[in-house]
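Keep the model open beside you as you read.

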Amino acid sequence: MKIVVAGALGECVHVAGVLNFLRLAEAAGWRTVFLGPAVPVEEVLEAARREQADLVGVSYRLTPETGERLLGEFAEAADDLRAAGVRFAFGGTPPVAERAQAIGFFERVFEGGEPEEAVLAYLKGQPQAGLTEADFPQTTVERIAWKAHFPIIRHHFGLPTVEATREGIARIAEAHVLDVVSLGIDQDAQANFFHPERQNPRRRGAGGVPVRSADDYRALYAASRRGNFPLLRTYSGSDDFIRLAEMYVETINIAWCAIPIFWFNLMDGRGPWNLEDSIHEHQKVMAWYGEQNIPVELNEPHHWGLRDAPDVIFVVSAYLSAYNARAFGVRDYIAQMMFNSPPGLSDAMDLAKMLACLEMIAPISRPNPPAPFPAREGGVSPPTPPQSPPTLGGKVGEGFRIWRQTRTGLLSYPLDPDAARAHLATSVYLQMALRPHILHVVGHTEAHHAATADDVIEACKLARRAVENALHGQPDMTAAPAVQERKEELIREAQVTLEAIRALAKPDVADPFTDSATLARAVTAGVMDAPHLRNNPFARGQIVTRVDQRGACVAVDPTTKRPLSEEERIADLGIRLG
């Protein structure tokens, strides 16, 4: 085990930075020795020899002139240790750090503004800014492992022209603030990329960057080849899915695929496919990416939450998402959890909903997964994750891993910019209770305008500070009794909803949860429903929801507004269970 000794040098008594440095060193696997405040030069060097230190860290936060003289003396006295291979690092205020840098003795100089992950990367021996692409992991799973202790950070970005987006990506990459740029492409690029005859020039750039050729994607990727060389990803589109996927791999080395089950079709006006056929097409996309060993995210649950569906439907859709991903051969599954959807949820109930999602999907990652919950008394047997691949293929159970991704609700931001910044920080802090592997930062400008490069950089800095605060010792909010009670309630209720979906399957269907006809019927029959789907040709839209006094989103009786259990709601649909 490597050893680091550190303390505040000379007459300096400020040791908060030293202790933080040593805390990060412990997280990186070092044995640490704290020398304390105001340590004379000779005592630092004596401790370094006694402990056989691999690294010596010193700090000084007083006047630059005094610090420069002291550090010069230190460098001269420690020259034999450095010649013997001992490394030296300095931390202090920017004026003193500037003088320390000029001395040329220290391997690394910190001035206090660096993010903790940069310090941690140094302690892990990982590459620093200004190096080449080869020094930065270029796949999602490798990047997650590389930044372990911190989540990798993602942000959506796309401006109305390719050139403006290209310039913005370059600025963001050079700022070293995020790991994944999610390209926001316009609607025609999502639905009509290979069909110029269907494109409408009047809506060019509506909702994102108007990419119209593979070279456009290559130009955007080239812009990211600097700074910390962030990964790129984009929408999976709503037509010509496999052709788009092949192009994304070739042009932007897509970090992961994001695809829904029930959406991006005629039901929500985002694509040309009907509900049942689009489900089947989406499953084919999962299988294709699984064959390429590229992670897959099912951006499904939040589509229900954004349409005011009750929490239980959010949880059920999270289960169906992981279930289908595994069934169709995905090895690395990204479980996306959008908080604040709908916006009125309380933090406690929001957290409970996400814990229910995670507990429901956890068994799916096991080689021979059991049922995710016990059979309900008086009900039919609960669903069991697939043991053999359905018709589309895929190597089921072969190293299926779940990666947690959290994000702030799209519709939850206030218009006031100061309030929006506060909302971003508090939402991210809450999300850190789940220790996400991926943090999808949703910019604080969301309620006002699409994020510029400067907005993205600011939002990521705000989020990173919230992450650092949480990692310093966040209390366990998941243990609150109200959170745990609601989690268990949602799991029980979700079992009923899943039983109802099984009940809709025809007798010859081997697996209702991967059968596109059964899944489509779950929507048309009203089992999967949301208030915003009223008057939709594919959905019932008859469900009514309210945020109750706990801050949970529940289904209610349309007339009395009394909360409905899932058994009552399903019975009202005429679906018989058991």
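**Exercise 1.** Describe how helix H14 (residues 311-327) packs against helix H15 (residues 347-361).

*Solution.* Step 1: the axes of H14 and H15 come within 9 Å and cross at roughly 30 degrees. Axes here are lines fitted to C-alpha atoms over the stretch in contact, with angles from 0 to 180 degrees between N-to-C directions. Helices are DSSP runs (H or I, at least four residues), and strands are too (E, at least two), numbered from the N terminus.

Step 1: that angle makes H14 roughly parallel to H15 (angles under 35 degrees count as such).

Step 2: in H14, Asp311, Phe314, Val315, Ala318, Tyr319 and Ala322 meet Lys353, Met354, Ala356, Cys357, Met360 and Ile361 of H15 (contact means heavy atoms within 4.5 Å). By class, this contact has 10 nonpolar, no polar and 2 charged residues.

This is a predicted model, where local features need pLDDT of at least 70 and side-chain atom pairs count only at pLDDT 80 or more, while totals for chains, interfaces and linings use all residues. Residues are numbered from 1 along each chain as its sequence is written, and side-chain values use heavy atoms, leaving out hydrogens and water.

**Exercise 2.** Which elements supply at least two residues each to the lining of the largest pocket?

*Solution.* Step 1: list the elements, which are strands S6 (152-157), S7 (180-183) and S13 (438-441) with helices H9 (187-192) and H13 (301-306).

Step 1: look for the largest share, which is the 4 residues from S6.

Step 2: sort the lining by class, giving 16 nonpolar, 18 polar and 8 charged residues.

Technical notes:
Parallel < 35°, antiparallel > 145°, perpendicular 65-115°, else oblique. Nonpolar A, V, L, I, M, F, W, Y, C, P; charged D, E, K, R; others polar.
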